[in-house]
Amino acid sequence: MTELKKPDEVALRPHYKAHYHFQFLSAAFRFGLFDILEKEPGTTLTGISERLGLQQQPTRILLLGCTATGLVRKEGDGYHNTPLTQPLGERPGHVPATYIPWETHGIYRAISWFYESLQENSNIGLQREIPGTAPTLYGRLAENPELESTFHTMMSAVTQLVAEDVATELDLSEYRHLLDVGGGAAMNAVHLAREWPDLEITIGDLPSIVPQANDRIAAQGLGHRVRAVSLDAFHDEFPVGHDAVFFAHFLEIWSSDRIRALLAKASRALPSGGGVFVVTPYQYDDETGPERSAYLSAYFHTIASGEGMVYTPKEYEQWFDEAGIEPAKPVQLGPDTVVICGRKR
């Protein structure tokens, strides 16, 4: 008998059943199902059960979920990866493969506190689900080394994609010394230095991150032009002597008041004509999307800081103006990322 569904039920189902989709994906990835099917396409239920170390009924349930949601296809008695999941078996280090462990261990339980986080205007998800005492995710990661490693693996893969576009799409030809605030393990700095051979770069970040960044810089043979130094962006003034300040995927973590304060510091540290560049997720000025801006805003508020969100280019331009920075035309990097640009007056 055909199951009859009302139109609204059909339309809403992907939303209220989304948690099942993720569990099928996460469990299959953690068990190594996609690796098995990449190496041995057409493996049967019995073979998969043996390789996963599961009894047959749990294996059937997993395979049913994966086939029903398009992660795996079945031909005869054999199972195969689909175009969605084939890369997960081929390249375990590519971006989706780094997202799945982070979403599983860092996000999934914590984001279930989204409602309470909105009520309390605080990152309740972090407080309830991630052990530690620090008030932000980044502090608690230092208290959870395994989760910290998962986070940085994911961030490195994501940053790698954006860093290439940033280096090639921004015109930094007139600048000679750039301050990269919160530049982490030097992913952006390395790409910028390679693209712009006359540019010197100073990364300012927390003391715990500086050695890792300088090791990466040295390994890339860029120690003569790039260095990392200790900088607490919220408590220290930015060092002078730079003619450009660069923030990449940093400002959106924080409240508008903190962003204004950071942009004011950048302005104070720069000479007239100095450049300011903010690489940030993109939100439409009419505040209707895209989807990634919504995901990240919920993440920042519920888990990361309890105060940030993805802001619009219009807001950044207003904050630039308040800090004495003349906004220039933003640089769009694909559908999800934008660089807000400006010069100190």
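User: Which residues does Asn-188 touch, not counting residues up to four places away in sequence?
Analyst: This is a predicted model, in which local features need pLDDT of at least 70 and side-chain atom pairs count only at pLDDT 80 or more, while totals for chains, interfaces and linings use all residues. Residues are numbered from 1 along each chain as its sequence is written, and side-chain values use heavy atoms, with hydrogens and water left out. A contact means heavy atoms within 4.5 Å. With residues up to four places away in sequence not counted, Asn-188 touches Thr-159, Ala-163, Asp-180, Phe-246 and Ala-248.

User: Is Asn-188 buried or exposed?
Analyst: Asn-188 is found in helix α12, residues 187-195; helices (H or I, at least four residues) and strands (E, at least two) are DSSP runs numbered from the N terminus. Buried means under 20% relative accessible area, exposed over 50%, and partly exposed in between, with a 1.4 Å probe and protein chains only. Because its relative accessibility is 10%, Asn-188 counts as buried.

User: What is the relative accessible area of Ala-186?
Analyst: Ala-186 lies in the loop between β4 (177-181) and α12. Although Ala-186 is not a glycine, its phi is positive, about 75°. The residue is buried, and the relative accessible area of Ala-186 is 0%.

User: Is Glu-287 buried or exposed?
Analyst: Glu-287 also has a positive phi without being a glycine, here about 60°. The residue lies in the loop between β8 and α15. Its relative accessibility is 57%, so Glu-287 counts as exposed.

User: Which residues does a cis peptide bond join?
Analyst: The loop between β8 (275-281) and α15 (291-304) contains Pro-290. Omega is about 0° for the cis peptide bond, which joins Gly-289 and Pro-290.

User: How are the rings of Trp-102 and Phe-151 arranged?
Analyst: Rings of Phe, Tyr and Trp (its six-membered ring) pair if their centres lie within 6.5 Å; planes under 30 degrees apart count as stacked, over 60 as edge-to-face and the rest as tilted. The structure holds 13 aromatic pairs. The centres of Trp-102 and Phe-151 are 5.1 Å apart and their planes are at 65°, so the pair is edge-to-face.

User: How many residues apart are Trp-102 and Phe-151?
Analyst: Both Trp-102 and Phe-151 are buried, and together with Tyr-138 they form one aromatic cluster. The pair links distant parts of the chain: Trp-102 is in helix α7 (residues 95-107) and Phe-151 in helix α11 (residues 145-169), and they are 49 residues apart.

User: How is the pair of Tyr-299 and Phe-300 classed?
Analyst: Tyr-299 and Phe-300 are buried. Their ring centres are 5.3 Å apart and the planes are at 50°, so the pair is tilted.

User: Which residue lies over the face of Phe-234?
Analyst: A charge sits over a ring if NZ of Lys or CZ of Arg is within 6 Å of the ring centre and within 35 degrees of the ring normal. At 4.8 Å from the ring centre of Phe-234, the residue over the face is Arg-258.

User: How far apart in space are Glu-326 and Lys-344, C-alpha to C-alpha?
Analyst: Glu-326 lies in strand β9, residues 325-327, and is partly exposed, with a relative accessible area of 41%. Not counting residues up to four places away in sequence, Glu-326 touches Cys-341, Gly-342, Arg-343 and Arg-345. Glu-326 and Lys-344 are 18 residues apart in sequence, and their C-alpha to C-alpha distance is 6.0 Å.

User: What share of the 345 residues in the chain is buried?
Analyst: The chain has 16 helices and eleven strands, and its C-alpha trace spans about 75 × 45 × 40 Å along its principal axes. Of the 345 residues in the chain, the buried share is 47%.
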